Each structure stands twice: as structure tokens, then as C-alpha cells.
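Good morning, colleagues. I should like to take a few minutes to go through one model with you, and I ask that you keep the display in view as I speak.

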Amino acid sequence: MGALQRVLLKHPAYFLIAPAALWLLVFFLFPFVSLLSTSLSDPSGSPITGYEMTFRFQNYADVLADYWPYMVRSLVYASIATLFCLILGYVLAYAIAFKAGRYKTILLVLVVAPFFTSFLVRTLSWKLILGDDGWVVGTLQALHFLPPDGRLLATPVAVVAGLIYNFLPFMILPLYASLEKIDPRLHEASLDLYANPIRTFFKVTWPLSLPGVVGGVLLTFIPAAGDFINASLLGNPNTQMVGNKIQQLFTTAGDYPHAAALSVILMAIIVVMVLFYVRRAGTEDLV
Amino acid sequence: MTRIGRWIGSHLVLALGLLVLLYMYIPNFIVALMSFNDSSGARNLYAFQSFTLDNWLNPCAPQGMCESVRVSIVIGLAATIAATILGTLAAFALVRHRFEGRSTMNLMIFLPMATPEIVLGSSLLAMFVAAGLGGQLGFWTILAAHILFCLSFVVITVRSRLSGLDSNLEKAAMDLFANESQTFWRVTFPLVFPGILGAALLSFSLSFDDFIITNLNSGQTVTFPMFVWGAAQRGVPMQVNVIGTLMFIFALAIVVGGELFARRRAKVLAAR
């Protein structure tokens, strides 16, 4: 009887966890190590023959010098989108949690339902909505918010609007989960103690919903920062994000080491931001 | 600012919330509308020309589209089954057992969800190429990737359902002389099942919809999102909107049906 067998028999939990742990090891940890190793490889190889690992840190300097505007653009677009998602998502999550009464479940289902239509198909439909002959552009032009030849499609506005739309449910669900736990009697108590509704919101509801805010912001910001679909379909060559560059380097350019280096940088920035943000927000029980 | 003010205040929030919800449905309306669009001879593919039923009558007319839907369904089902089994087992281990490495495992499950898809996809591609599989990208590499990103969502969903479970119910079953396996299959499993079902639905929709990771690891295999992406460069066939609308109707039917079923079951149980 081997040592492994003894351990397994002693802890039935290891039987249950082993398949998932193995999968995560082989298809998450190994790939990440591969990514790091590729990012330090000599770019003179090819995807077919493989790349030679030479600790070439120059790759990182190269991509930072060449592509930093894409990185900055991604972070800016994702931040704006996250802020809008927080505002829109909070209103809807609050309405469902406190004002929907017996329609709570139905409304929650309605929040998720549109997202069963393919992501790409829905994003393409924004091309029509924001198109130059569409009523949105027409109305904005009539109201002089846009110059007569102004457009929305193929502008940063369209890209950010696409990001907001696509990642909104990732904000709503965690917000709802934490708003729903708040006892409505706390609102009544606050109002009884002569706080007006606005004060009640900022002194009672908002602080209690912070775990949801932190979760929602992370779940919105992270995918938005790595996205390239909205930038590709709704933007123009000057609104490309870092995701566009990574995927171009991998697929059309076939320059894996530089693509991998850019990917590692994106991940590193996100990890640093997440750690900093989670510490500031004071909720470390996310995991 | 007394009762009238408060009435307006409370209904204002609800009205604004419903507006946000309406906004989330605009693209679905457009997709449904465009599925009836006659785009033949149109220069602008992103405007409604005239009404037709052709797209619905000949959904498979665009070359390769229905094949791509079939590929997506097969990959979606396989990934869902695998991820649901692996994830459910892991969720039981994490909630019901204390073991060494438990918090490491929790972190490992959280990490893929906190990683942007482009990073997940590129690291998988880097590994496949390093392993000499660069020429064999296709069905199996897509499937492995899909199982990976569905897995975390399954664990999270089932875990939350399981930890919300009242363990007194199981103790009661044991007190009533049910043995361990009876307790599990007659009490625990039925109570956790809605969570498992929800996780499976989520997995399927994540897998069916994935583009970023799939695109990097697909080789020559074309899934439905990849078909749409490829078509978007030239001009999307309107049948894409038919598929989009059908998916929406299916999903709504499953979710609403499940909800009605749960309500009826609750009523039957209450009447006993």
C-alpha cells in the first residue's frame, strides 16, 4: 500500500478534489508557466518549431515601448465603463432588492436572460443602433450634442458604450447579492431617526453594500480591460485596446514571445490593481 | 417632503431600474428585428431594409453556419458535463471537508475568474505550442480550455448552494435511520440539485458564447462565435440573428420552465 493510497484513504476529500485540482494544474498553472517562459524566449522561433527560452527580458522593454498607449487606453476605457456600470447596475440592483416585491425572482431572471443571445451578435447590433443613419445619432445631432457630421460609431464613445452594455450583468449580480442581505428595517430605523433618504443611503445602504461593490467592480473591470471585441467591432484603428494587440501578435503576426510578454504585463497590472483595491476597500474575504 | 415625496422617491428608483433593464434589452430587440430583415441587394448591412421570412425559413443558407452551431453545441455539452462533474465533486470537498491545502484550492478556483480571457487564452496557446501541439489545435484544445473556465463557475455556484444548506435536515434523516448513502441521495442531492442545474446552464452558455479563448486555441475548427467573427469582417448574414433569437427563446423557456416547475413542486410539497 503506497503512501499516496494511504493519504487518499485517510481523507476522502482528496478523491473529490483531485480531478478538479488536476485540471487546474494542467490547464491553468502549466499554461501560465508556459506563458512566462514564452515571454522570455527568443522571438526568432516560430509557432511550429517552438521558441527557445533565453531569459530575454528585452521582450518586455520592447512591448512596453511599442504598445504602452494600448495599455493606457485599455485601463482608461475599462475604468470609465466600470464607473458607468456601477451607477446603472446599482440603480437596477437596488430596485430589484428593495422595490420589486414579489417580482424579485422574475426581474433577476430578466437581468440574465438577454445574455443568452450570443455576445458577438448582440455587440454587432450596436453597430446598427449607433450607426450614422440611426435615430440615436439623429437625435443627438438635432439637439446639437453632436455636430451635423458627427458620429458615434467608430469612436471611443461607441467602444466604451459597448463595454458598459456587455459587462453590466457582472456588476448587477454581486451588487444584488449584497443589497439583498440588508435588512430593510435598517432603512426604517434610519428614517425614524430623522435621517433623510439621501443620508440614509450614504450612511446605511452604501456601506453595507460595499462587498458587492468591490466584487462587482472587479468582475466588470477585469474582463473589460482585456476585451478586444468591442474595440474591434465598434471602434476604429485608434481605439484599439491591449487585447487587440495581444491577439494580433498571436494570430496574424505569429510573434508569440512579444504577445506573451504583453499578456503577462496586463495580468501583472491587474493583479497589482486588484490587491491594492481590495486592501483599500477593506474586504479581504472575497475568495 | 413627507409621504408624497417618499412615494415619488420609492417609485422613481423602480422606474429608473426598469429603464436600465429596458436598455439591456435593446440589442435583443434589434437582433430579433434584424432576423426578419431582407438584406439581399442592400449595401448597408446594419440597417433594416424590408420584411421577409426567408431567414427563418432557410436558417442554414449561409455556408458553414449551421455546422458551426453544431460544433458549438457539441463542445458546449461536453464541456458542461465534464465541468459540472469535476466542479460539483470539488464543491462538496470544499464545503464538507477540512483538509490540508483547502485554502490553496479555493484560491486556485478563484484565479481563473480573475484572469482576463485574453491572458487565459494566450497562456493555453503558449502551453499547447510548447508541448508540440501547435499543429493539432482544434476540438480537443477548445474543449480542454472550455472545461477550465467553466469549472470555476460551477464550483462557486454549487459551493454557495451547499453552504446555504441546513445540515439539520441531514441529521434528521440520519436520526430516522437513513444510512449515509440514503441520506445523500434522498436529502442532500435533491437539495443541491438546483444549484448543480444552474451551474450546468451557466457552463453551457459560457462555452457556447466564448470567443476570445476559443479564437486563440481553435486551429481550423469553427465554432458559432468564430463564424460570426469571420462573417463580421465581410458582412454578417441575417441568419445569424435567427440563431441569436432562437438561443434567447430557448434560454428563457428553460429558465421560466424551471421556475414554474420549482413553484409547482413547492406547492405539491406544501399540500402533503
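The contact between the chains draws 72 residues from chain A and 73 residues from chain B; please bear in mind that the model is a predicted one. On the side of chain A that touches chain B, at least two residues each are supplied by several helices, among them α2 (12-39), α3 (58-99), α10 (210-226) and α13 (256-281). Which helix gives the largest share of that side? That is α2(A), with 17 residues. Sorted by class, this side of chain A holds 55 nonpolar residues, 13 polar ones and four charged ones.

I turn now to a pair of helices within chain A. The axes of α7 (residues 156-180) and α10(A) come within 8 Å of each other and cross at roughly 160 degrees. Because angles over 145 degrees count as roughly antiparallel, α7(A) is roughly antiparallel to α10(A). The crossing of α7(A) past α10(A) is right-handed. From α7(A), the residues making the contact include F167(A), F170(A), M171(A) and L175(A); from α10(A), they include G212(A), G215(A), G216(A) and L219(A). Taken by class, this helix contact comprises 13 nonpolar and five polar residues, and no charged residues.

Finally, a word on confidence. Chain A has a mean pLDDT of 87, with 94% of its residues at 70 or more. Among the elements of chain A, α3(A) has the highest mean pLDDT, 94, whereas helix α1 (residues 3-10) has the lowest, 66. Where pLDDT is low, predicted coordinates should not be read in detail.

Key. Residues are numbered from 1 along each chain as its sequence is written. Chains are lettered from A and ligands numbered from 1 in the order in which they are written. This is a predicted model: local features need pLDDT of at least 70, side-chain atom pairs count only at pLDDT 80 or more; totals for chains, interfaces and linings use all residues. Two residues are in contact if their C-beta atoms, placed from the backbone, lie within 7 Å. Helices (H or I, at least four residues) and strands (E, at least two) are DSSP runs, numbered from the N terminus. Ala, Val, Leu, Ile, Met, Phe, Trp, Tyr, Cys and Pro count as nonpolar, Asp, Glu, Lys and Arg as charged, and the others, Gly among them, as polar. pLDDT is the predictor's confidence in each residue, from 0 to 100. Axes are lines fitted to C-alpha atoms, for helices over the stretch in contact, and angles run from 0 to 180 degrees between N-to-C directions. Angles under 35 degrees count as roughly parallel, over 145 as roughly antiparallel, 65 to 115 as roughly perpendicular and the rest as oblique. A crossing is left-handed if the near helix is turned anticlockwise from the far one by less than a right angle, and right-handed if clockwise.
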